[in-house]
Amino acid sequence: MRGRLVIRPIFRLGIAAAALLASIVGAPQAFAQDASTLKKDMIGQWELSTTERSKTCVVTLKSDATPQGLKLELEPACAAALPFTREITAWNIRGLDIVRLQDAAGQAVIDFTEVESGIFEGLRQGEGIYILQNLAAARSLAKSMDQMIGDWAMVRGNGQSICGLTLTNTEASADNFQVFLKPRCDPAVTAFAPTQWRLERGELLLLSANGDVWHFEADDNAQWRRVPDAADPLIMLRQ
(Lines give C-alpha, C1' and ligand atoms only; values in the text may rest on other atoms or scores of the structure.)
Protein backbone atom coordinates (compact mmCIF):
# COMPACT_ATOMS: atom_id res chain seq x y z
CA MET A 1 0.00 0.00 0.00
CA ARG A 2 2.78 2.37 0.87
CA GLY A 3 4.44 1.71 -2.46
CA ARG A 4 1.29 2.65 -4.29
CA LEU A 5 0.94 5.83 -2.26
CA VAL A 6 4.42 6.85 -3.36
CA ILE A 7 3.92 5.92 -6.99
CA ARG A 8 0.71 7.90 -7.47
CA PRO A 9 2.11 11.34 -6.53
CA ILE A 10 5.12 10.73 -8.73
CA PHE A 11 2.81 9.74 -11.61
CA ARG A 12 0.70 12.85 -11.09
CA LEU A 13 3.78 15.02 -10.89
CA GLY A 14 4.92 13.50 -14.18
CA ILE A 15 1.64 14.44 -15.84
CA ALA A 16 1.82 17.99 -14.45
CA ALA A 17 5.42 18.34 -15.56
CA ALA A 18 4.56 17.07 -19.02
CA ALA A 19 1.68 19.54 -19.28
CA LEU A 20 3.92 22.38 -18.16
CA LEU A 21 6.60 21.37 -20.62
CA ALA A 22 4.02 21.19 -23.42
CA SER A 23 2.76 24.67 -22.58
CA ILE A 24 6.30 26.04 -22.54
CA VAL A 25 7.17 24.39 -25.84
CA GLY A 26 3.85 25.39 -27.42
CA ALA A 27 3.89 29.02 -26.31
CA PRO A 28 6.41 30.31 -28.87
CA GLN A 29 4.51 28.50 -31.63
CA ALA A 30 1.19 30.05 -30.56
CA PHE A 31 2.89 33.43 -30.25
CA ALA A 32 4.34 33.11 -33.75
CA GLN A 33 0.97 32.05 -35.16
CA ASP A 34 -0.82 35.04 -33.60
CA ALA A 35 1.79 37.51 -34.85
CA SER A 36 1.75 35.88 -38.27
CA THR A 37 -2.05 36.11 -38.45
CA LEU A 38 -2.01 39.79 -37.50
CA LYS A 39 0.67 40.48 -40.11
CA LYS A 40 -1.43 38.78 -42.77
CA ASP A 41 -4.58 40.65 -41.69
CA MET A 42 -2.84 44.03 -41.93
CA ILE A 43 -1.95 43.72 -45.61
CA GLY A 44 -4.00 46.26 -47.55
CA GLN A 45 -5.11 49.88 -47.44
CA TRP A 46 -5.62 51.68 -44.14
CA GLU A 47 -6.55 55.17 -43.10
CA LEU A 48 -4.28 56.89 -40.59
CA SER A 49 -6.06 59.83 -38.99
CA THR A 50 -6.65 62.03 -36.01
CA THR A 51 -9.34 60.66 -33.70
CA GLU A 52 -12.19 62.31 -35.57
CA ARG A 53 -10.71 62.25 -39.05
CA SER A 54 -10.16 65.98 -39.47
CA LYS A 55 -6.74 65.02 -40.86
CA THR A 56 -6.33 61.78 -42.78
CA CYS A 57 -3.73 59.83 -44.71
CA VAL A 58 -4.01 56.61 -46.73
CA VAL A 59 -1.36 53.99 -45.94
CA THR A 60 -0.93 50.83 -48.00
CA LEU A 61 0.74 48.05 -46.02
CA LYS A 62 2.48 45.39 -48.11
CA SER A 63 4.03 42.00 -47.43
CA ASP A 64 7.32 42.74 -49.26
CA ALA A 65 10.38 42.75 -47.00
CA THR A 66 12.79 45.69 -47.01
CA PRO A 67 16.02 46.27 -45.04
CA GLN A 68 13.99 48.44 -42.64
CA GLY A 69 10.99 46.10 -42.24
CA LEU A 70 7.95 45.51 -44.42
CA LYS A 71 7.14 47.76 -47.34
CA LEU A 72 4.46 50.44 -47.21
CA GLU A 73 3.27 53.32 -49.34
CA LEU A 74 1.96 56.67 -48.13
CA GLU A 75 -0.25 58.78 -50.34
CA PRO A 76 1.37 62.12 -51.35
CA ALA A 77 -0.95 64.18 -49.13
CA CYS A 78 0.19 62.41 -45.95
CA ALA A 79 3.16 64.67 -45.21
CA ALA A 80 1.03 67.81 -45.26
CA ALA A 81 -1.86 66.30 -43.28
CA LEU A 82 0.24 64.46 -40.68
CA PRO A 83 3.84 65.78 -40.67
CA PHE A 84 5.21 62.93 -38.55
CA THR A 85 4.52 60.52 -41.44
CA ARG A 86 7.60 61.95 -43.21
CA GLU A 87 9.66 59.75 -40.86
CA ILE A 88 7.84 56.52 -41.74
CA THR A 89 9.68 54.19 -44.12
CA ALA A 90 8.35 50.72 -43.20
CA TRP A 91 6.04 48.76 -40.93
CA ASN A 92 6.22 45.59 -38.86
CA ILE A 93 4.65 43.57 -36.07
CA ARG A 94 6.28 43.87 -32.67
CA GLY A 95 5.50 41.47 -29.88
CA LEU A 96 2.14 39.74 -30.10
CA ASP A 97 -0.17 42.57 -31.12
CA ILE A 98 1.68 45.80 -31.86
CA VAL A 99 1.54 47.25 -35.37
CA ARG A 100 4.56 49.51 -35.71
CA LEU A 101 5.08 52.23 -38.30
CA GLN A 102 8.82 52.80 -38.12
CA ASP A 103 11.66 54.91 -39.41
CA ALA A 104 14.71 53.87 -41.43
CA ALA A 105 16.53 52.80 -38.25
CA GLY A 106 13.68 50.50 -37.26
CA GLN A 107 12.58 52.77 -34.42
CA ALA A 108 8.89 53.34 -33.77
CA VAL A 109 7.37 56.47 -35.25
CA ILE A 110 4.06 55.28 -33.81
CA ASP A 111 2.87 51.96 -32.36
CA PHE A 112 -0.72 50.82 -32.70
CA THR A 113 -2.75 48.26 -30.75
CA GLU A 114 -6.22 47.03 -31.65
CA VAL A 115 -9.00 48.54 -29.50
CA GLU A 116 -11.95 47.31 -31.57
CA SER A 117 -12.22 44.92 -34.47
CA GLY A 118 -10.27 46.54 -37.30
CA ILE A 119 -9.60 49.75 -35.36
CA PHE A 120 -6.16 50.48 -33.90
CA GLU A 121 -5.04 53.33 -31.63
CA GLY A 122 -1.58 54.81 -31.27
CA LEU A 123 -0.26 57.59 -29.04
CA ARG A 124 2.38 60.15 -29.93
CA GLN A 125 3.61 61.96 -26.87
CA GLY A 126 2.82 65.66 -27.00
CA GLU A 127 0.45 65.22 -29.94
CA GLY A 128 -2.29 62.83 -28.88
CA ILE A 129 -4.01 59.71 -30.17
CA TYR A 130 -4.17 58.62 -33.79
CA ILE A 131 -6.39 55.99 -35.39
CA LEU A 132 -5.52 53.33 -37.95
CA GLN A 133 -8.52 51.63 -39.51
CA ASN A 134 -9.49 49.79 -42.64
CA LEU A 135 -9.90 52.30 -45.48
CA ALA A 136 -13.32 51.03 -46.57
CA ALA A 137 -14.63 51.25 -43.00
CA ALA A 138 -13.16 54.74 -42.60
CA ARG A 139 -14.84 55.96 -45.76
CA SER A 140 -18.11 54.48 -44.56
CA LEU A 141 -17.69 56.56 -41.39
CA ALA A 142 -17.06 59.68 -43.48
CA LYS A 143 -20.30 59.01 -45.32
CA SER A 144 -22.03 58.66 -41.95
CA MET A 145 -20.68 62.04 -40.85
CA ASP A 146 -21.91 63.66 -44.05
CA GLN A 147 -25.35 62.21 -43.32
CA MET A 148 -25.37 63.88 -39.90
CA ILE A 149 -25.13 67.41 -41.32
CA GLY A 150 -28.41 69.33 -41.10
CA ASP A 151 -31.37 69.99 -38.80
CA TRP A 152 -32.31 67.80 -35.85
CA ALA A 153 -34.95 67.84 -33.13
CA MET A 154 -34.49 66.78 -29.51
CA VAL A 155 -37.59 65.04 -28.19
CA ARG A 156 -38.61 63.33 -24.97
CA GLY A 157 -39.64 59.71 -24.88
CA ASN A 158 -43.28 60.77 -25.20
CA GLY A 159 -42.51 62.51 -28.49
CA GLN A 160 -42.58 66.07 -27.08
CA SER A 161 -40.11 68.28 -28.94
CA ILE A 162 -37.93 70.31 -26.59
CA CYS A 163 -35.30 71.80 -28.92
CA GLY A 164 -34.14 72.16 -32.49
CA LEU A 165 -30.49 72.21 -33.46
CA THR A 166 -28.31 72.26 -36.56
CA LEU A 167 -25.19 70.15 -36.98
CA THR A 168 -22.73 71.72 -39.41
CA ASN A 169 -19.51 70.63 -41.12
CA THR A 170 -17.77 73.84 -40.08
CA GLU A 171 -14.67 72.95 -38.08
CA ALA A 172 -14.81 74.50 -34.61
CA SER A 173 -11.64 72.99 -33.13
CA ALA A 174 -9.45 69.98 -33.75
CA ASP A 175 -11.81 67.12 -34.71
CA ASN A 176 -14.99 68.98 -33.67
CA PHE A 177 -17.65 70.80 -35.68
CA GLN A 178 -20.05 73.63 -34.90
CA VAL A 179 -23.59 73.04 -33.68
CA PHE A 180 -26.27 75.71 -33.27
CA LEU A 181 -29.39 75.67 -31.10
CA LYS A 182 -32.60 77.08 -32.48
CA PRO A 183 -34.78 79.49 -30.44
CA ARG A 184 -37.13 78.39 -27.63
CA CYS A 185 -35.23 75.33 -26.41
CA ASP A 186 -35.99 73.61 -23.11
CA PRO A 187 -34.04 75.19 -20.20
CA ALA A 188 -32.12 71.93 -19.63
CA VAL A 189 -30.77 72.08 -23.18
CA THR A 190 -30.17 75.83 -23.02
CA ALA A 191 -28.20 75.41 -19.79
CA PHE A 192 -26.09 72.69 -21.39
CA ALA A 193 -25.56 74.95 -24.43
CA PRO A 194 -23.74 72.64 -26.86
CA THR A 195 -21.40 74.45 -29.24
CA GLN A 196 -19.61 71.52 -30.94
CA TRP A 197 -20.27 67.94 -32.06
CA ARG A 198 -18.46 64.91 -33.41
CA LEU A 199 -18.84 61.20 -34.05
CA GLU A 200 -16.64 58.97 -31.93
CA ARG A 201 -16.69 55.15 -31.92
CA GLY A 202 -20.28 54.92 -32.97
CA GLU A 203 -21.53 57.67 -30.67
CA LEU A 204 -22.71 61.21 -31.41
CA LEU A 205 -21.14 63.61 -28.92
CA LEU A 206 -22.46 67.08 -28.14
CA LEU A 207 -19.95 69.27 -26.32
CA SER A 208 -20.53 72.46 -24.35
CA ALA A 209 -18.10 75.35 -24.01
CA ASN A 210 -17.31 74.36 -20.41
CA GLY A 211 -16.37 70.80 -21.35
CA ASP A 212 -19.61 68.94 -20.56
CA VAL A 213 -20.48 66.14 -22.99
CA TRP A 214 -23.77 64.46 -23.88
CA HIS A 215 -23.46 61.02 -25.47
CA PHE A 216 -25.99 59.62 -27.95
CA GLU A 217 -26.12 56.13 -29.48
CA ALA A 218 -27.92 55.29 -32.71
CA ASP A 219 -31.21 53.40 -32.54
CA ASP A 220 -31.29 53.49 -36.33
CA ASN A 221 -30.04 55.77 -39.13
CA ALA A 222 -32.33 58.64 -38.19
CA GLN A 223 -32.66 58.39 -34.40
CA TRP A 224 -30.11 58.80 -31.61
CA ARG A 225 -30.83 58.17 -27.92
CA ARG A 226 -28.91 59.79 -25.06
CA VAL A 227 -26.88 57.38 -22.93
CA PRO A 228 -26.87 56.26 -20.25
CA ASP A 229 -30.59 55.69 -20.75
CA ALA A 230 -33.10 57.29 -18.38
CA ALA A 231 -36.74 56.87 -17.41
CA ASP A 232 -37.50 59.95 -19.50
CA PRO A 233 -35.17 59.42 -22.50
CA LEU A 234 -33.83 62.18 -24.69
CA ILE A 235 -33.84 61.39 -28.40
CA MET A 236 -32.47 63.19 -31.45
CA LEU A 237 -34.51 62.87 -34.64
CA ARG A 238 -33.51 64.00 -38.11
CA GLN A 239 -35.72 66.76 -39.54
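Guide: Strand β6 (residues 108-116) and strand β7 (residues 119-124) run antiparallel and are joined by three bridges. This is a predicted model. Within this pairing, glutamate 114 has phenylalanine 120 in β7 as its bridge partner. The two strands form a hairpin with two residues between them. Glycine 118 sits in that turn and has a positive phi of about 80°.

On to the next pairing of β7. Six bridges join β7 to β8, and these strands also run antiparallel. Across this pairing, glycine 122 stands opposite tyrosine 130 in β8. β7 and β8 form a hairpin as well, with three residues between the strands. In this hairpin glycine 126 takes a positive phi near 85°.

Isoleucine 119 is found in β7. Leaving out residues up to four places away in sequence, isoleucine 119 touches Thr113, Glu114, Ile131, Leu132 and Gln133. Isoleucine 119 is also 9.8 Å from tryptophan 46, C-alpha to C-alpha, although 73 residues separate the two in sequence.

Is arginine 124 buried or exposed? Its relative accessibility is 16%, and buried means under 20%, so arginine 124 counts as buried. Apart from neighbours within four places in sequence, arginine 124 is in contact with Phe84, Glu87, Val109, Ile110 and Tyr130. Tyr130 is the residue that glycine 122 stands opposite in β8.

β8 gives the most to the lining of the second largest pocket, with three residues. That pocket has a volume of about 170 Å³. Its lining is made of 14 residues, and those nearest the centre are Thr50, Ser54, Lys55, Tyr130 and Ala174. By type, the lining divides into six nonpolar, four polar and four charged residues.

Another residue to look at here is glutamate 47, which lies in strand β1 (residues 44-50). Glutamate 47 counts as buried because its relative accessibility is 4%. Not counting residues up to four places away in sequence, glutamate 47 touches Arg53, Thr56, Cys57, Ile131, Leu132, Gln133, Leu135 and Ala138. Ile131, Leu132 and Gln133 are also among the residues that isoleucine 119 touches.

Now for the setting. The protein chain has four helices and 16 strands. Of its 239 residues, 36% count as buried. Among contacts between residues at least 6 apart in sequence, 35% join residues at least 24 apart. The accessible surface comes to about 13,700 Å², and 54% of this belongs to carbon and sulfur atoms.

A few backbone details elsewhere in the chain are worth a look. Most residues other than glycine have a negative phi, and most peptide bonds are trans. Arginine 184, not a glycine, has a positive phi of about 65°. Arginine 184 lies in the loop between β11 (176-181) and α4 (187-192), and it is exposed, with a relative accessible area of 79%. Alanine 193 has a positive phi near 50° and is placed in the loop between α4 and β12 (194-200). At 31% relative accessibility, alanine 193 counts as partly exposed. Finally, a cis peptide bond with omega of about 0° joins valine 227 and proline 228. Proline 228 is in the loop between β15 (223-227) and β16 (234-238).

Notes
Residues numbered from 1 in each chain as written. Predicted model: local features only at pLDDT ≥ 70, side-chain atom pairs only at ≥ 80, totals over all residues. Heavy atoms only, no water. Buried < 20%, exposed > 50% of the residue type's maximum accessible area, 1.4 Å probe, protein only. Contact = heavy atoms within 4.5 Å. Areas by Shrake-Rupley, 256 points an atom, 1.4 Å probe, with all protein chains shown as cover. 1 Å grid on protein atoms, 1.4 Å probe; cavity = no way out; pocket = protein on both sides within 12 Å on 5 of 7 lines; lining within 4 Å. Points joined across faces, edges and corners; volume = space filled by probe spheres on them. Nonpolar A, V, L, I, M, F, W, Y, C, P; charged D, E, K, R; others polar. Pairing = 2+ DSSP bridges.
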